[in-house]
2 protein chains.
Amino acid sequence: MNKKSKSSSALNERQGIADTDLTNSSSIDALKKRRQIQPSADELVKGIISGDITALSRAITLLESSNPSHLEKANGILKACLAYSNPSIRLGITGVPGVGKSTFIEAFGLHLISQGKKVAVLAVDPSSSITKGSILGDKTRMEDLVKSPNAFIRPSPSGSSLGGVARKTRESIILCEAAGFDTIIIETVGVGQSETAVHSMVDFFLLLKLAGAGDELQGIKRGIMEMADAIAINKADGKNMKQAKLAKVEFSRALHLYPAKASGWQPKVRLCSALHNEGIDELWNMIEDFLKFTKKNKWFETHRTEQNKFWLLQTIEDRLKSDFYALPKVKKALEIQLQQIQAGKTTPFAAAEFLLGLQIK
Amino acid sequence: MNKKSKSSSALNERQGIADTDLTNSSSIDALKKRRQIQPSADELVKGIISGDITALSRAITLLESSNPSHLEKANGILKACLAYSNPSIRLGITGVPGVGKSTFIEAFGLHLISQGKKVAVLAVDPSSSITKGSILGDKTRMEDLVKSPNAFIRPSPSGSSLGGVARKTRESIILCEAAGFDTIIIETVGVGQSETAVHSMVDFFLLLKLAGAGDELQGIKRGIMEMADAIAINKADGKNMKQAKLAKVEFSRALHLYPAKASGWQPKVRLCSALHNEGIDELWNMIEDFLKFTKKNKWFETHRTEQNKFWLLQTIEDRLKSDFYALPKVKKALEIQLQQIQAGKTTPFAAAEFLLGLQIK
């Protein structure tokens, strides 16, 4: 502010002294160099099918990359791994923040491992940015599960579009299965859209709930209840027990209002306390019943076929749309056409014809 | 079979005698000629905005035609009519067969006409073939309404795809509004998909139900209850009254389980007997309350804007898809790719890439 006497002003700052280098620059260089030596696709495939978790992680990182050469490599790995995928169970788990999802997945995962299973936990969370926000980002919340050699935990891939995030997660499932993981848990936060994506990649969909105050059914996202194969009411312990039991009755009644599922399975409600490790084994027994039931009536297999077809068509349609709306001519004209519709100067159908015509011109 | 003695065989048939002409061929020619003289687009527009129902019918027939030159003419008419569309109310009415939909629409329509309204009844029924099947095809079921000069009834356009049928119906709405109809009723049978299409072209969605035996909520199609702004329990008369009242309580409870509507409107349940003309006026009063409420909170207008945008994007996306899947190369390769996915030789994503690549080759 006072240009003339800046150095004598009280606002003057002294020249700082640079911090001395606290890190060993030669070891950083060595680390960088090591990172640059990427194993070949063949090496990664061999690693994955021998159960090497580092190879699995690296391959998933390639899948998640936006670099086209990485993607090409990833597709080769994926194709090679398809032949090695083991029969697995894919479980979707959802619930709003605060429901105790991390604690539940830890208790549930450890129970499965105690039963001789190998458990991979993936996440679909389109809201998480590159930096933070992923539910699984904070692995310290699943300390015991992380330590197990039979568990693999991977946070949500980053990405702005749900379609992209979902694709990456769904392909990661295949790699995890090739690496010998027989139980794949896909976690998501209750934001509605991502549930639909997760539902279309799993065999069984579990909704975690809490026994809250007031009307138990308020605030349930549109359609999520309908997707659930089971509702687990978590934190059913101590003082919460009475409310949890009431909630169980309410949810059971609500589930009966929905039309019968294509699987023939009648959704169930169970109580559990992940913190006290209560009800976890009963929940798993119920899922085993579900698997027996749906494998016997052939739904399990036909459902997976349908899911594959769904993802094929979905990917095609997403790409057709994104390619179209990315055309500069279309981008420009879309806004104008919308205004014209608003002003009653054209119909949505005539505007669509006009915009579609821009493709070939 | 016996070539030699065909004429002497017992299987021999005598030469038939041609029927004499029972119709006057010159009057048929005159009729054909008259039909060929189609009024011009301008004449039809003039007719429509002066409220001429014959002109309206003819323009809708052009809209429904698969002949490209008819379609072009129809688009011109549509564009001209947009400027004349009156503020209207668009009501969707659905209910399974047997619920008394025709009787209800007749009683309801006649009540509206007695209030000074002009009522157009259109249908969306993708299952109806060119010949029969449309709910409104049998106009004899709405004899009194048909006779009224203030009513216009049009059966569902034919078409194999719901998208096509929906487009035609939605454009017909605009023509009806230009012809001075201020209350547009869109009727559909409860087949799930067509409800969604109808819901996206109306301001208010009414679900007709019966008080049946047993659990009232069984058999309700996925998602239809959630769309309803009101449920009218029809045939609430005589011996049915007690059951209807019970059903009202059950439906009211069920409606409360759903998340709040964007309109801010709490869906209502009403009893009525279309046959005895009871409860029809109360139902209309409720719809008027809805209109006042949603016009005051601006939802009515924003909702219509959203619907226009929805139809624009929907039309574009339908066309992108149908154009893609109609490519001969894609048709051929799709089946093979699906088989390869099934055999575990490719992933849905790799197959999608492959198929999308066929577009440009």
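1. Two strands count as paired if DSSP finds at least two bridges between them. In this predicted model, strand 6 (residues 230-234) and strand 7 of chain A are joined by 4 bridges and run in the parallel sense. Within that pairing, Ile231(A) has Val269(A), in strand 7 of chain A, as its bridge partner.

2. Chain A holds an open sheet of 7 strands, with parallel pairing and the order 3-2-4-1-5-6-7. Its edges are strand 3 (151-153) and strand 7 (268-271) of chain A, each of which pairs on one side only. From one strand to the next the twist averages 20 degrees.

3. A helix of chain A lies against this sheet. Helix 7 of chain A packs on it and touches strand 1 (89-95), strand 2 (119-124), strand 3 and strand 4 (183-189) of chain A. The direction of helix 7 makes about 170 degrees with that of strand 2 of chain A.

4. In chain B, 7 strands form an open sheet with parallel pairing, in the order 3-2-4-1-5-6-7. Strand 3 (151-153) and strand 7 (268-271) of chain B each have a single partner strand, so one side of each is left without a neighbour in the sheet. The twist from one strand to the next averages 20 degrees.

5. One pairing in the chain B sheet can be given in detail. Strand 1 (residues 89-95) and strand 5 (residues 204-210) of chain B run parallel and are joined by 4 bridges. Gly92(B) stands opposite Phe205(B), a residue of strand 5 of chain B.

6. Next, the interface. The contact between the chains draws on 47 residues from chain A and 47 residues from chain B. Together, chain A and chain B bury about 4600 Å², with 66% of that area on carbon and sulfur atoms.

7. Between chain A and chain B there are 4 salt bridges. One of them links Glu353(A) to Arg319(B), with 2.9 Å between the closest N and O atoms.

8. On the chain A side, at least two residues each are supplied by helix 4 (68-82), helix 7 (162-178), helix 10 (241-257), helix 12 (299-325), helix 13 (328-342) and helix 14 (348-357). Helix 12 of chain A gives the largest share, 14 residues. By class, the side of chain A that touches chain B has 24 nonpolar, 11 polar and 12 charged residues.

Technical notes
Residues numbered from 1 in each chain as written. Chains lettered and ligands numbered in written order. Predicted model: local features only at pLDDT ≥ 70, side-chain atom pairs only at ≥ 80, totals over all residues. Heavy atoms only, no water. Contact = heavy atoms within 4.5 Å. Buried area = accessible area lost by both parts, 1.4 Å probe. Salt bridge = Lys/Arg side-chain N within 4 Å of Asp/Glu carboxyl O. Nonpolar A, V, L, I, M, F, W, Y, C, P; charged D, E, K, R; others polar. Axes fitted to C-alpha atoms, helices over the stretch in contact; angles between N-to-C directions.
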